[in-house]
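Here is a short report on one protein model.

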Amino acid sequence: MLKMLRSTRIGYYVTSITGAFAIIFWQLFINNNVGMAIVLAFLWIFVVATIFSIVAAKRIRKINTYLYNECKPQKFVEEMEKLYNQQTEEGNKNTIRISLSAGNIDAGNLERGKQYLDQVTPLSVKKYVDVLRQIVFFNNRATYYMRTGQLMEAEMDLACMQEVLKTKKLFEKNRRKYMDAYEYKKVQLGIISNQFDGAEKILKIGLEREKSMLSQVSFRYYLGLVYLHEQKMTEARECFTFVVEHGVCGDGKGKTERMHIRVKGSYSQDRCGL
């Protein structure tokens with residue numbers, strides 16, 4: 001986190017180095033205690049690193065809030081692009097490219113999202129962080145293919161995502177988290193392909209587990225499609241009403257960004273943040 005934010009990183013270096021020199025000067029030239037100087041200098045650097053890492057993490061969480069809790073993907077993209085322009089390390093660039101693909105796709109900028117995915121450099125299956133990046137990469141690209149009607153390609157990317165999930169490098173908690181994401185995406189793909197078996201049950205489980213507004217809007221949209229298929233018009237109306245009320249993506253000034261998906265031939269539904 002600390003490496004991603006230039007201003008926070010500079011602040012860390014300035015604070016830790018000047019503080020460490022001050023401690024060393026104090027202990028060496030005033031107290032004449034070499035051992036204490038070394039201990040306190042390292043302790044100071046550790047404390048400063050911890051504080052600035054917390055600050056950086058809070059900044060990243062705030063940016064993520066725009067997408068996942070406020071359903072404002074365009075604002076998320078704007079902030080992430082600022083962050084992207086600060087990066088020099090390729091791993092950080094890959095992380096942000098994958099995040100920007102999600103933001104752009106959810107904002108309706110499908111081709112821009114795909115461009116960021118195409119810019120992701122090869123990821124190693126030997127690095128834990130790259131394994132996580134691969135999982136999200138395939139998830140996001142499958143979403144792009146679903147939005148553009150390339151369902152066979154979406155199916156292939158979900159198969160790749162499933163294979164990566166089998167790696168032993170994943171902690172079990174993360175495996176379960178991303179396996180749930182895989183199952184939800186499979187259900188969404190099935191609904192778009194007019195395959196509704198078991199979808200209602202899985203989507204309702206998702207509503208219980210995933211509390212972000214982005215997830216709530218997404219699950220209710222697809223659950224609404226299931227209810228339409230089952231001719232449960234009252235339940236479908238409730239789902240789509242929630243989508244309209246909570247899934248509007250704007251710039252905070254009333255401007256609305258909407259995305260469009262075509263399902264079941266002529267049927268179409270505006271929705272946001274799915």
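## Nonpolar core

The largest nonpolar core has 59 residues. Ile-135, Ile-191, Leu-203 and Tyr-222 have the most contacts inside it. Helix H10 supplies the largest share of this core, 10 residues. A nonpolar core here is a set of buried Ala, Val, Leu, Ile, Met, Phe, Trp, Tyr and Cys residues joined through side-chain atoms within 4.5 Å. Buried means under 20% relative accessible area, exposed means over 50%, and partly exposed lies in between (1.4 Å probe, protein chains only). Helices (H or I, at least four residues) are DSSP runs, numbered from the N terminus.

## Basis of the model

This is a predicted model: local features need pLDDT of at least 70, side-chain atom pairs count only at pLDDT 80 or more, and totals for chains, interfaces and linings use all residues. Residues are numbered from 1 along each chain as its sequence is written, and side-chain values use heavy atoms, with hydrogens and water left out.

The structure holds 17 salt bridges. Each is a side-chain nitrogen of Lys or Arg within 4 Å of a carboxyl oxygen of Asp or Glu. One of them joins Glu-79 to Lys-75, with the closest N and O atoms 3.4 Å apart. Both residues lie in helix H3, 4 residues apart, or about one turn of the helix. Glu-79 is buried, at 10% relative accessible area. Lys-75 is partly exposed, at 29%.

Another bridge pairs Glu-81 with Arg-112; here the closest N and O atoms are 4.0 Å apart. Glu-81 lies in helix H3 and Arg-112 in helix H5 (residues 110-118), so the pair ties together parts that are 31 residues apart in sequence. Glu-81 is partly exposed, with 26% relative accessibility. Arg-112 is also partly exposed, with 35%.

Asp-180 is buried, with a relative accessible area of 7%.

## Nonpolar surface patch

Phe-25, Trp-26, Phe-29 and Ile-30 make a nonpolar surface patch of about 500 Å². Patches are made of residues with over 30% relative accessible area and no salt bridge; like charges are joined within 9 Å, and nonpolar side chains (Val, Leu, Ile, Met, Phe, Trp, Tyr) within 5 Å. Accessible areas come from the Shrake-Rupley method with a 1.4 Å probe, and for residues only the protein chains shown count as cover. Phe-25 has its place in helix H1 (residues 6-30). Phe-25 is partly exposed, at 48% relative accessible area.

## Two positive phi angles

Cys-71 has a phi near 55 degrees, a positive value in a residue other than glycine. Cys-71 is found in the loop between helix H2 (34-68) and helix H3 (73-84). Is Cys-71 buried or exposed? Cys-71 is buried, with 0% relative accessible area.

Gln-231 has a phi near 65 degrees, again positive in a residue other than glycine. Gln-231 lies in the loop between helix H10 (213-229) and helix H11 (233-246). Gln-231 counts as exposed, at 57% relative accessibility.
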